[in-house]
Amino acid sequence: MTQPAAAPTVQRVDPEHRYEILVDGKTAGLTVYRDRDDQRVFYHTEIDNAFAGQGLASILVQQALSDVRTSGKRIVPVCPYVAKFLKKHDEFADITDPVTPEVLQWLETMRPH
């Protein structure tokens with residue numbers, strides 16, 4: 001009998017400015033952010049092709065946004081996936097800030113090129 005797969009886990013990796021989702025101890029995907037004062041600006045989310053189609057991006061973003069709430073910060077969804085997720089999950093609307101030209105300009109200076 002095969003063992004059922006362990007539930008995916010999400011962890012915040014501060015030095016890398018990202019949240020990772022792990023499946024059986026392997027990194028299956030990540031969402032990357034930068035902190036700007038009290039805002040956590042999410043700008044990229046990806047799931048490894050080997051793990052596609054399992055709903056992992058949704059679990060990852062849900063837990064990342066819950067962590068943002070716990071840490072008292074606000075969400076800025078530059079990442080298209082995070083923005084789409086927020087449209088379906090209005091429980092985060094109270095801590096979501098709009099993406100502004102200032103945020104995008106600031107992000108350009110923060111991101112590694």
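In this predicted model, Gln 39 has Arg 74 of S5 as its bridge partner. That contact belongs to the pairing of S4 with S5, which is parallel and has four bridges.

On to the hairpin of S3 and S4. These two strands pair in the antiparallel sense, over eight bridges. Asp 35 stands opposite Arg 40 in S4. Two residues lie between the strands of this hairpin, where Asp 37 takes a positive phi near 55°.

Next come S1 and S2. Strand S2 covers residues 18-23 and pairs with S1 through five bridges, again in the antiparallel sense. Here Val 13 faces Arg 18 in S2.

Now put the strands together. Five of them form an open sheet, in the order S1-S2-S3-S4-S5, with mixed pairing. S1 (9-13) and S5 (74-77) are the edge strands; each has a single partner strand, so one side of each is left without a neighbour in the sheet. On average, neighbouring strands are turned by 30° against each other, direction ignored. Strands of a sheet pair through backbone hydrogen bonds, either parallel or antiparallel.

Which strands does each helix lie across? Helix H1 (residues 56-70) lies across S1, S2, S3 (26-36), S4 (39-47) and S5. H1 runs at about 165° to S4. Helix H2 (residues 80-88) lies across S3, S4 and S5. Its angle to S5 is about 120°.

How values were computed: Residues are numbered from 1 along each chain as its sequence is written. This is a predicted model: local features need pLDDT of at least 70, side-chain atom pairs count only at pLDDT 80 or more; totals for chains, interfaces and linings use all residues. Side-chain values use heavy atoms; hydrogens and water are left out. Two strands pair if DSSP finds at least two bridges between them. Axes are lines fitted to C-alpha atoms, for helices over the stretch in contact, and angles run from 0 to 180 degrees between N-to-C directions. Contact means heavy atoms within 4.5 Å.
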